[in-house]
Amino acid sequence: MATYKPVVVQAFPKLGERITQDTLYWRGYKTPVQIKEFGAVNKIDFSPVSPYNYAVTASSRIHIYGRYSQEPIKTFSRFKDAAYGATYRDDGNLLVAGSEEGSIRLFDISGRAPLRQFDGHAKPVHVVGFLSDKYRIFSGADDYSSNLWDIPSATEIVSYSEHNDYVRCGCASKVNADVFITGSYDHTVKLFDARRKSSVMTIEHGHPVESVLLFPSGGLLVSAGGRYVKVWDVLKGGQLLVSLKNHHKTVTCLCLNSSGQRLLSGSLDRHVKIYSTTSYKVVHSFNYATSILSLALSPEDETIVIGMTNGVLNVKHRKPEERKVKSLKKRQPAYRTYVKGRTFMPKQEDFCVSKPVKRVLRKYDKLLKSFQSSKALDAVLEPPIRLYTPEVTVAVMQELHRRGTLRSALAGRDEKQVNLLLTFVARRVIEPRFTSVLVTVADIITDIYQPVVGQSAIVDRQFLKLQEAIGKEIDYQEELLECLGMMDALFATFTKKRATYLEENRSNGLTETIETNMNN
């Protein structure tokens, strides 16, 4: 009796993800740590000096976290209502924050009580930051104004009221100590110079501006609002360089990596996109559980922190570089020890004893071996095989068709089983690798269960889905044939033109030769 041959499952090539240097770099983070805050995290800012602690502004508190701590090492809670936009100074010694009541507070990192309080805004202050000279603070509020404050005297230097809506974002130039930028919900970004009484540049973003970012060189400005991230050339008077639309919802925050070669954007669509600052193409992306309000990247990209609308702080640390540690284990035998004798060729007079290899058959192979066609089909329609390895299901159907038992395996099924079969066929029949087999299966199912059409609403719905899927595929095929016909016509035209050109050259050459011979 011949031995049973298992079902041959045809292998299809899989389209793998393109692995780039950016993919390897940004995947080099550990499993994230989740920290729950008291409210939505509206700002995260890393200290520019070691040990690179970071300030998290949420609800009415500002928490200072160490790089690897999961509990705050310091808390500033002298706010009656919500706090906004806590930002470090360049030396890491001072911290400034806005508030819902309209005041600005300046904190010393080593203390708890505010060093200074600046009052002058009539509505909540969402934007605060230090100018690069370290002795002045800029702010933006919901009263449409942008102010400049002197730290030593705690007085207002100048106030600009040029925006027509809430001022919700801003940044300062690191090159020029007098320049700062604000973005507003009036769709504009304004560049201010403290030596002037009005703005020196206005840029129209086109959507309510949620975040602005100035490159370290001071020449390029990035604005985010709506679904767009736009890059502007400040040195050319605010000329638009590129407009990016890679998010599905509002972009809320921007960030540069330590080298300035990668731009990060976070959005309410739960994604963080990473762009190359040379080509402005997306080189990598992160996906999170809820909408993103703020993000920050530590110096040297060691830690990435994401703040979300549900108050969760997501912290990822870079994996340490693997170091080769000398193992004290006993040295294993060399590879040649295991392959020794495998290439030996027996001589003619040698008697060879072969050890029988035991094959482990899968469940559907065992059922096919015992001629249980219907149960074999049930085995490959189970969710793990049907969903993740549909090629196995189709291979068994093909084997049953080869044996001539496919009709009997498909017959005699109840409503639930027919619904399962039709769902699988309707979903996979449009895939070219399965079409030839599943079209036959669909024909047999239609022939068997045609008399009972109209008795079950579920089965009828699946038949309609199958009809719709096949109809769409036929339409696609017709469109492709039309395109193919047009391409053939174009190629034929090109071929005729070339042939005509060659014939003209040949005829000219022949005429010239005849004329030369006649003259001679």
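## Terms and model

Strands and helices here are DSSP runs, a strand being E over at least two residues and a helix being H or I over at least four. With that settled, welcome to a predicted model with a few backbone details worth a look.

## The annotated repeats

The UniProt record, an unreviewed entry, places "repeat: WD" on residues 118-159 and 244-285. In the span 118-159, 57% is strand and 0% is helix, and its end C-alpha atoms are 13 Å apart. The span 244-285 comes out at 55% strand and 0% helix, with 14 Å between its end C-alpha atoms.

## A cis peptide bond

Most peptide bonds are trans, and most residues other than glycine have a negative phi. Against that background, the bond joining serine 50 to proline 51 is cis, its omega being near 10°. Proline 51 sits in the loop that links strand E2 (41-46) to strand E3 (54-58).

## Two residues with positive phi

Histidine 187 is not a glycine, yet its phi is positive, near 75°. You will find histidine 187 in the loop between strand E15 (179-184) and strand E16 (188-193). Its relative accessibility is 27%, so histidine 187 counts as partly exposed.

Arginine 270, also not a glycine, has a positive phi of about 75°. This arginine 270 lies in the loop running from strand E23 (262-267) to strand E24 (271-276). Because its relative accessibility is 32%, arginine 270 counts as partly exposed; that class lies between the buried cut-off, under 20%, and the exposed one, over 50%.

Technical notes: Residues numbered from 1 in each chain as written. Predicted model: local features only at pLDDT ≥ 70, side-chain atom pairs only at ≥ 80, totals over all residues. Heavy atoms only, no water. Buried < 20%, exposed > 50% of the residue type's maximum accessible area, 1.4 Å probe, protein only. UniProt positions renumbered as here; feature names shortened; annotations may be inferred.
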